[in-house]
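Open the model in your viewer and keep the selection panel handy. We will go from one stop to the next, with a note at each on what to select and what to look for.

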Amino acid sequence: MIERELAAEHSTPAAEQSPASEAPRPTRKAAPKPMLTLAEFFSRRAATPARFLKDVRVNNIWGFATEDIAEALEALGKSDPKFARTTGLASAALAEKDGRFATPCLDFAREASLARLRLNPRYIALDLDALESAEDRFQAIARALEGRLETAKQRPEALNLLLSTALYMVNKENLSAESAMLALVQALGARAEHGSRADVTRLAALVAVANSTKPGLMPVLQLSLPWIEASRDTAAQADESRSRAERLDAELAEMTKQHEDAVGKLRRVQSELDAAHEQVEGLRRAEVVTQEQRAHDLREMRGTIAGSLRGKLTGAIATARDALELDPPRIPVAQEKLEIAQQELERQLEWLKSLD
Amino acid sequence: MAEIVGLDFGTTNSLVSVVSGGRVLALTDAAHGNMPHPSVVWYHGTEVVVGREAKAQLSAPALGVVGDVVRSPKRYLGRGEDLVVGGVSRAPSDVVAEVLRYVRQHARTQGHDFDRAVLTIPVGMDGRGRRELRDAAAKAGVRIVQFAHEPLAALYGYLRSQEDPDALLRELDSQLVLVFDWGGGTLDLTLCHLAGRSVTQVVNMGNDRIGGDRFDERLQNSVVQRHLDQHDVRSNVEVEVNADRVLVERCESTKIELSDRAMSTVFVPHYLRTDGPARTLEVAVTRSQLEAVTSDLVDEGIRTVHDLLRRVNRGPEAIALCVTTGGMVQMPGIRERLIELFGARRLPHIEHGDRVISAGAAWIAEDRARLTLAKPLELLHADDSYVTVVPAGTTLPIEHETYHQPLAMYCVDPRDGYAKFHFARPQWPARIQQGDQRVPYANLAITVDPSAKPLLERLELSVTIDHDLVAALEARSSLFADEQRIEIHDLEFGLEIP
């Protein structure tokens, strides 16, 4: 069912003529009346988005009137119960070369999908405004639709809603095509029993078309899916590694700072220690000098006394003794020398007293 | 850093001093009354005795070689002759090394194991003497960091002993200072000029006829003569063994005693080898008698001062300060004469005047004061003007340093085949004019090409001053390639005060 629906959306002019289409095939004789409003597009069950867009282009219409939008939205529950046509319209508008109807169609699809999502209690419970990134918001919507994707009956509508939302967010809210694809793949891939590999491929192609007009990119993107996922894992790991490196950098910076602080403190302590050592050394030198000077002064004092004893005193007494030992003794000489000795002794005593 | 001491290697005595904690410590001989060590060596058999014990062997206060004793070996340095001591030929540097080794060993016993010294030398010691003295010091294990002339060391020692040396320096700026050094061997006078923080020698004069030993000799002769007269001894009477040595000691004691008292008796029992009262020498000597027998020596000393002043056309009033050192200045008669000459204010009493040279050397070592060239070394130009080759004030080399100055000039008149160099110095150290009187240093002649035009032949001259303060002058002619070299050994020095 899904395959058919999506095939219709991507149909070529040949595909539009396929008998598998649900829309009634117009007769050749009576050319169908051009569709100039959304209401008309959705009211005609067989109308294709490509045809609708061609009609409005030909008739020089650049947008949709508010009443038209309201009317189309009003009838959308019946006219597009599986939301396939709305999604197809948005997709076709994006695929056009000039993108003239991309914004009006996407805005309409947005309004329509919101109206439809508001019927989902799990969606209502979401607080999308709290989520900062488009990726998070898209994944939240995908999770809100998880239950419906598991039910075969609800699955087409849910899938189309998801696709429509993806198209809008990729083009209007900077949701990356890769993120959209991966979220879609995860939403579908987790329920493989309900879908098929072809679903995934087509979804990827759809989003790729929405995001790129280059025809050669689609197969590449299809092939690249596993690598994209792997690269995201790698990127996530890189992010983690980066953040870990940043943490380590921060820790290293902190440790470096601590180390520098410690080194600075060590230097200060070393400097204080050096100053203390210098002071101690200075005191030690001063002590050595003082001891040296004291020893010298003591030696000088001893020398002075020795000089006195050895010089004047000894000489005078020796002479006095020589004078007394002679026969007859030379008393005046002995007296003189003893007087000299006495004077010298008194002089030395005075000097010793002066040292006190 | 190892200690650098000041070593006063004097004619009669040697003394080591060190600066410790801002004080000068003189490493005197404490066992003998804080006296310096006599510069005497006694070759006693295989034993070498130095100092007081060696001096005690002398029976007369003579200098030089007496038997196997050498007193004042310094005076033999630089003569190029060996000494014959007790019949053995000895190099003067070996004898000097014994004295230096002894004072070094003595210093070691007082805790000062030095191997570098600022060594003082007399002004009259020329470059040859300085070289030999350095060799002698090396033999004793002493490296001479710098020579310092005795008068400069004495003046520096006096300045550093003042409470405010800078104030005294300011007071003496641009003035003349006389260093009066009357020691045992000689009277040395040096007139110094102070300019800022620089001291330069102006003129030196020495007199070795009136050393302190002459005073002792005069006293001894006088005492002996009076003794002989008292006892009417006319015939030749022998003196008892060792009696002369006792007489020397007793006369020295008497001389010292007469510093404090008016009279002292020289008493030597058993002096003459004779019977009767003449055997004992007993002569009373008064201070005036001592002064009378030595007055001509003192007069000659004072005359030497006048001669010195006359040489520079100055009177005693031109002397701002007279720094006295040497053992003789303690003699009251000499001090009184100097006070008469200069007045007491200009003749400060210097405590331990006999140590001031050693103290100055120690301060020079401590302060790293450097010798400078007192007067410029000049070269006479062809136009009869003097050009400076080495400027005055040039810092002179210390140990292992060399001063080198190359010059180039051209021969003005080569006609006689010679280029002649005449080197001289001004008589006065400061404010030198072209017309000032010069004192010649040396002449040098080199062969040049007589056929060359004037100012063609280039002459190269180089002046090198080594750490022995000897200036070597080398000249070379470029065309004739002749080379000649002479040395100047009598440069005059100053001291830069840090």
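**Before you start**

This is a predicted model, in which local features need pLDDT of at least 70 and side-chain atom pairs count only at pLDDT 80 or more, while totals for chains, interfaces and linings use all residues. Residues are numbered from 1 along each chain as its sequence is written, with chains lettered from A and ligands numbered from 1 in the order in which they are written.

**Stop 1: chain A as a whole**

Helices here are DSSP runs of H or I with at least four residues, strands are runs of E with at least two, and both are numbered from the N terminus. Of the 356 residues in chain A, 29% are buried. A residue is called buried if 20 or more other C-beta atoms lie within 10 Å of its own, exposed if 12 or fewer do, and partly exposed in between, with C-beta atoms placed from the backbone.

The mean for chain A is 79, and 79% of its residues reach 70 or more. Residues 1-23 of chain A have pLDDT below 50, yet the model gives this stretch 32 contacts beyond near neighbours in sequence. A contact means that the C-beta atoms of two residues, placed from the backbone, lie within 7 Å. Residues 190-197 of chain A also stay under 50, with 7 contacts beyond four places in sequence.

**Stop 2: helix α4 of chain A**

Select residues 49-58 of chain A, which form helix α4. Which residues of this helix are buried? They are Pro49(A), Ala50(A), Arg51(A), Phe52(A), Leu53(A) and Val56(A). After α4(A) comes Asn60(A), with a positive phi near 55°.

**Stop 3: two helices side by side in chain A**

Next, select helix α6 (residues 84-95) and helix α11 (residues 155-172) of chain A, whose axes come within 9 Å and cross at roughly 30°. That makes α6(A) roughly parallel to α11(A). Axes are lines fitted to C-alpha atoms, for helices over the stretch in contact, and angles run from 0 to 180 degrees between N-to-C directions. Under 35 degrees counts as roughly parallel, over 145 as roughly antiparallel, 65 to 115 as roughly perpendicular and the rest as oblique.

Show side chains for Ala84(A), Thr86(A), Thr87(A), Ala90(A), Ser91(A) and Leu94(A) of α6(A), which meet Pro156(A), Asn160(A), Leu163(A), Ser164(A), Leu167(A) and Asn171(A) of α11(A). By class, this contact of α6(A) with α11(A) has 6 nonpolar, 6 polar and no charged residues. Ala, Val, Leu, Ile, Met, Phe, Trp, Tyr, Cys and Pro count as nonpolar, Asp, Glu, Lys and Arg as charged, and the others, Gly among them, as polar.

**Stop 4: where the chains touch**

Bring chain B into view. The contact between the chains takes 21 residues from chain B and 23 residues from chain A. On the chain B side, β3 (23-26), α7 (243-257) and β16 (263-268) each supply at least two residues. The largest share of that side, 3 residues, comes from α7(B). By class, the chain B side has 6 nonpolar, 11 polar and 4 charged residues.

**Stop 5: chain B as a whole**

Chain B has 10 helices and 28 strands. Of its 498 residues, 46% count as buried.

**Stop 6: a loop residue in chain B**

Zoom to Thr11(B), in the loop between β1 (4-9) and β2 (13-20) of chain B. Is Thr11(B) buried or exposed? Thr11(B) counts as buried because it has 25 C-beta neighbours inside 10 Å. Pro73(B) is 62 residues away along the chain, but its C-alpha atom is 7.6 Å from that of Thr11(B). Beyond four places in sequence, the contacts of Thr11(B) include Ser39(B), Ser72(B), Lys74(B) and Gly184(B).

**Stop 7: a crossed pair in chain B**

Finally, select helix α4 (residues 150-161) and helix α10 (residues 356-367) of chain B, which pack at an angle of about 80° with their axes 7 Å apart. That makes α4(B) roughly perpendicular to α10(B). The contact of α4(B) with α10(B) has 11 nonpolar, 3 polar and 2 charged residues. Among those that meet are Ala153(B) and Tyr156(B) in α4(B) and Gly360(B) and Trp363(B) in α10(B).

Technical notes: pLDDT = per-residue confidence, 0-100.
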